[in-house]
Amino acid sequence: MKKADPNPNANRNIMIITYVILGIFVAMIGYFGYFLQVESENVINNSYNARLDSFADRIVRGSILSSDGQVLAATEVAEDGTETRVYPFANTFAHVVGHSTKGKTGLESQANFYLLSSHANLVQQVINEISNRKNPGDNLVTTLDAALQQTAYEALGDRRGAVVALEPDTGKILAMVSKPDYDPNPASLDASWESLVSADNTQGQLLNRASQGLYPPGSVFKIVTALEAIEENPEHYLDYQFDCSGILYVDDYSIRCYHSTAHGSQNLAQAFANSCNGAFANLGLSLNLDKMHALAGRLLFNSSLPLPMEYSKSTYNMDGSADEWEILQTSIGQGTTQVTPMHIAMITSAIANGGTLMKPYLMDQVQNVAGEEVKKFLPEAYGSLMTAEEAEKLNDLMALVVTEGTGSALRDASYQAAGKTGSAEFETGKETHAWFTGYAPAEDPQIVVTVIVEEGGSGGSAAAPVARKLFDQYLLP
């Protein structure tokens, strides 16, 4: 006769404990795999990680190259073994490539793990280890177009502002310029560092205005207002009519067009092309503000951006509780709305790409010292910011800006461009910031360019010509 288990609960408890321990073990193995595949590079790149120093003790930091192989950053090794990081283009790539002697910024930070890894020939690595010599680090090939970057840098001149150029169907960042700038070469950076970080310095040379500079968008925001009008009235949005006298009066408020220009009778397409403030402020009064707030969120205002660099979040505050003045101001890109040039470029890129935003990226591939590919970075879609039909309608409006409106600086080009100019007020008594964002060719977009010239005045006269030089450089033989 089988004896009854004197304590059946004990066996059950043992099994429960066994399964719990097994579950913890499986979870730890899973997290370990996740860490190796996803988080390890972030941890290694963390400036607080002491392992970085040990990497540099064994490996000579690799080079950073443009898409056509030009050296943007490299390590020179003297006969006595002294290493010096050099930047052959000096100020031209300062913000996007960054520096590595006073901390690490830009690609020097983003690609730190790869630059301090070595996939050199295994035999050579062993010989170097035995000989107590450092191994050569891997090189990073970027998406940056050296000629386009130089064109952007020279076109902006000595003015403050930023230029961003993207490939809309891949998200490749082709150029990124911010001014004022600095020379990242160690000797120059050491000499100027105290003034660059001084509390009395108001120039902000270390700030990458392309991704971190927050500005009122001015009339480039009319792209968003127009998109809301299209979404609310997709069949008849072009029927909107407004008679512009140069100043729109609403109760005790007034909205002026640039230089109080009277545009006369305007439909939506004409008002967009001529950047008529009165028409768009009046249009804003008829729109559903809660839907417009949702649209702004879909366009990544008040949100994290899919960007592989330091950036500032753009802000949009208007909702259904807004008063008349806030509606009038926000509808034309004034009020409390703030945006970065990179964010505007991303919205423009989505329009150029049929509504789909591709995640912007800078790293194309990692190569070992022999030029063999170690890792390839592929384009990745973020998602749809608008439908293809809506993007096509915005394309038509933006093409009209060039053919009939404020984008006249691009009118006689051998290609058809599409874009939007803007002039953004930011401080009483100062000249407006000048904006342009657009792409070319309009029928088959290959490049997106966004420009802001601080206190540049008219976007059509100050920012659009800068974009024209980039389009010419990239598209013309």
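Buried means under 20% relative accessible area, exposed means over 50%, and partly exposed lies in between, with a 1.4 Å probe and protein chains only.

These legends describe a predicted model, where local features need pLDDT of at least 70, side-chain atom pairs count only at pLDDT 80 or more, and totals for chains, interfaces and linings use all residues. Residues are numbered from 1 along each chain as its sequence is written, and side-chain values use heavy atoms, with hydrogens and water left out.

**View 1. Thr92 sits in a loop between strand E4 (83-86) and helix H3 (94-97).** Thr92 has 14% relative accessibility, so Thr92 counts as buried. Leaving aside residues up to four places away in sequence, Thr92 touches Gln149, Gln150, Tyr153 and Val177. Contact here means heavy atoms within 4.5 Å. Helices (H or I, at least four residues) and strands (E, at least two) are DSSP runs, numbered from the N terminus.

**View 2. The whole protein has 17 helices and 19 strands.** The C-alpha trace spans about 90 × 85 × 45 Å along its principal axes. Of the 477 residues, 51% count as buried. Take the contacts between residues at least 6 apart in sequence: 67% of them join residues at least 24 apart.

**View 3. Helix H17 (residues 459-475) has a kink of about 25°, centred on Pro465.** The bend at a residue is the angle between two fitted axes, one for the seven residues ending there and one for the seven starting there. Which residues of H17 are buried? They are Gly459, Gly460, Ala462, Ala463, Ala464, Val466, Ala467, Arg468, Leu470 and Phe471.

**View 4. Helices H7 and H17 cross at roughly 160°, and their axes come within 9 Å.** Two packed helices are described by the angle between their axes and the distance between the axes. Axes are lines fitted to C-alpha atoms, for helices over the stretch in contact, and angles run from 0 to 180 degrees between N-to-C directions. H7 and H17 are therefore roughly antiparallel to each other. Angles over 145 degrees count as roughly antiparallel, under 35 as roughly parallel, 65 to 115 as roughly perpendicular, and the rest as oblique. The crossing of H7 and H17 is right-handed. A crossing is right-handed if the near helix is turned clockwise from the far one by less than a right angle, and left-handed if anticlockwise. H7 brings Ala147, Leu148, Thr151, Ala152 and Ala155 to the contact, while H17 brings Val466, Lys469, Leu470, Gln473 and Tyr474. By class, the contact of H7 with H17 has 7 nonpolar, 2 polar and 1 charged. Ala, Val, Leu, Ile, Met, Phe, Trp, Tyr, Cys and Pro count as nonpolar, Asp, Glu, Lys and Arg as charged, and the others, Gly among them, as polar.

**View 5. Helix H10 (residues 222-232) packs with helix H16 (residues 388-404) at an angle of about 130°.** Their axes are 10 Å apart. H10 and H16 are therefore oblique to each other. H10 passes H16 in a right-handed crossing. On H10 the contact residues are Ile223, Ala226, Leu227, Ile230 and Glu231; on H16 they are Glu390, Lys393, Leu394, Leu397 and Met398. The contact of H10 with H16 has 7 nonpolar, no polar and 3 charged residues.

**View 6. H10 also crosses helix H12 (residues 277-285), at roughly 45°.** The axes of H10 and H12 come within 11 Å. Are H10 and H12 parallel or oblique to each other? They are oblique. H10 passes H12 in a left-handed crossing. Lys222, Thr225, Ala226 and Ala229 of H10 meet Asn277, Phe280 and Leu283 of H12. The contact of H10 with H12 divides into 4 nonpolar, 2 polar and 1 charged.

**View 7. Leu385 lies in the loop between strand E16 (381-384) and H16.** Leu385 is buried, with a relative accessible area of 2%. Leaving aside residues up to four places away in sequence, Leu385 touches Arg298, Leu299, Ala350, Gly355 and Leu357. Leu385 and Tyr182 are 203 residues apart along the chain, and their C-alpha atoms are separated by 36 Å.

**View 8. Val448 lies in strand E19.** Val448 counts as buried at 0% relative accessibility. Val448 and Ala165 are 283 residues apart in sequence but 5.4 Å apart in space, C-alpha to C-alpha. Not counting residues up to four places away in sequence, Val448 touches residues including Val164, Ala165, Leu166 and Pro168.
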